[in-house]
Amino acid sequence: MASKLYTDDVSLVVVLLDVNPFFWGGALKKTTTTTTNSPSVLSFSNFLNHVLPFLNSILLLNQLNQVVVIASGANTCGYIYDSSETNTSEAGVGGSGRMPDLCERVLGSLEEFVVNDQRTGWGADPTAANAASGMLSGSLSLALCYIQRVVRGGLLHPQPRILCVQGSPDGPEQYVAVMNSIFSAQRSMVPIDSCVIGVQHSAFLQQASYITGGVYLKPQQLDGLFQYLSMVFATDLHSRNFIQLPKPVGVDFRASCFCHKKTIDMGYVCSVCLSIFCKQHKKCSTCGSEFNHPHLEPISTSEQK
């Protein structure tokens, strides 16, 4: 069996795009109701105008670079683009024809994905629409599976990393699945970069970037999103040893309870399966272990003597 070719400047970048219609629908309402051009509001079409040139720039940095795009919707997630499947004859000589082919493939697959994601949805529930979060856990799992398949097969061993472009709020019900993916990425030495374009910071992505050694960034001016992406997240892992990248000011390490799926500061932990609860329970809902709650009796005066 031929040995693998290890390179320090060839990158495999798996980009997780947040296409949650609930998030982008809210951004569209803010855009239409705002009279002034607010840098904190970005429409979905303008978002793609920043992301697509960034994906093409990664391919132009090295002809061996590979880009995979995974869409994260409200109900499903799936692959929408893989640069390794692009026909070189269609791409043109020297990669000059990659950009039109990339845009056509991404937009076509994205339109089909949104339609399928809407079909598998829960319907027009306004309460769910206001609090819907993207399928971050599923997208991370797909990304890690793809990276393992590329690393274990083939002659080229690129430097893999994951870039999460997230706008939707964190879903506490996905806490366990997201943390499992984070620890799997840490064990596989796959950095998770995070670019948060939502209003609030993402505690999940803060922990993901901190634990895996990635970069966490929340751009202040969304109208310059392409500049943030190209200057920070286009850098390969080898070059990051020689440049100074943004560092997060603080990381939110709070966990979500398993009973109500809420973020808590203090809670109760099962000594068997390490499940976290916000209140005392007689039995663990995860592993079934029964908890003993002995009541301490007051010490009598005779026993004190």
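Phe23, Trp24, Phe44 and Phe47 make up one aromatic cluster. The model is predicted, with local features requiring pLDDT of at least 70 and side-chain atom pairs pLDDT 80 or more, while totals for chains, interfaces and linings use all residues. Residues are numbered from 1 along each chain as its sequence is written, and side-chain values use heavy atoms, without hydrogens or water.

Rings of Phe, Tyr and Trp (its six-membered ring) pair if their centres lie within 6.5 Å; planes under 30 degrees apart are stacked, over 60 edge-to-face, and the rest tilted. Tyrosine 175 and phenylalanine 204 form a tilted pair, because their ring centres are 6.1 Å apart and their planes at 45°. This pair joins helix H7 (residues 175–187) to helix H8 (residues 203–212), its two members being 29 residues apart. Helices (H or I, at least four residues) and strands (E, at least two) are DSSP runs, numbered from the N terminus.

In H8, eight of the ten residues are buried, including Phe204, Leu205 and Thr212. After H8 comes glycine 213, with a positive phi near 80°.

A nonpolar core is a set of buried Ala, Val, Leu, Ile, Met, Phe, Trp, Tyr and Cys residues joined through side-chain atoms within 4.5 Å. The largest one has 38 residues, and Phe47 and Phe54 are among those with the most contacts inside it. Helix H2 (44–61) is one of the elements giving two or more residues to this core, and its eight residues are the largest share.

Key. Buried < 20%, exposed > 50% of the residue type's maximum accessible area, 1.4 Å probe, protein only.
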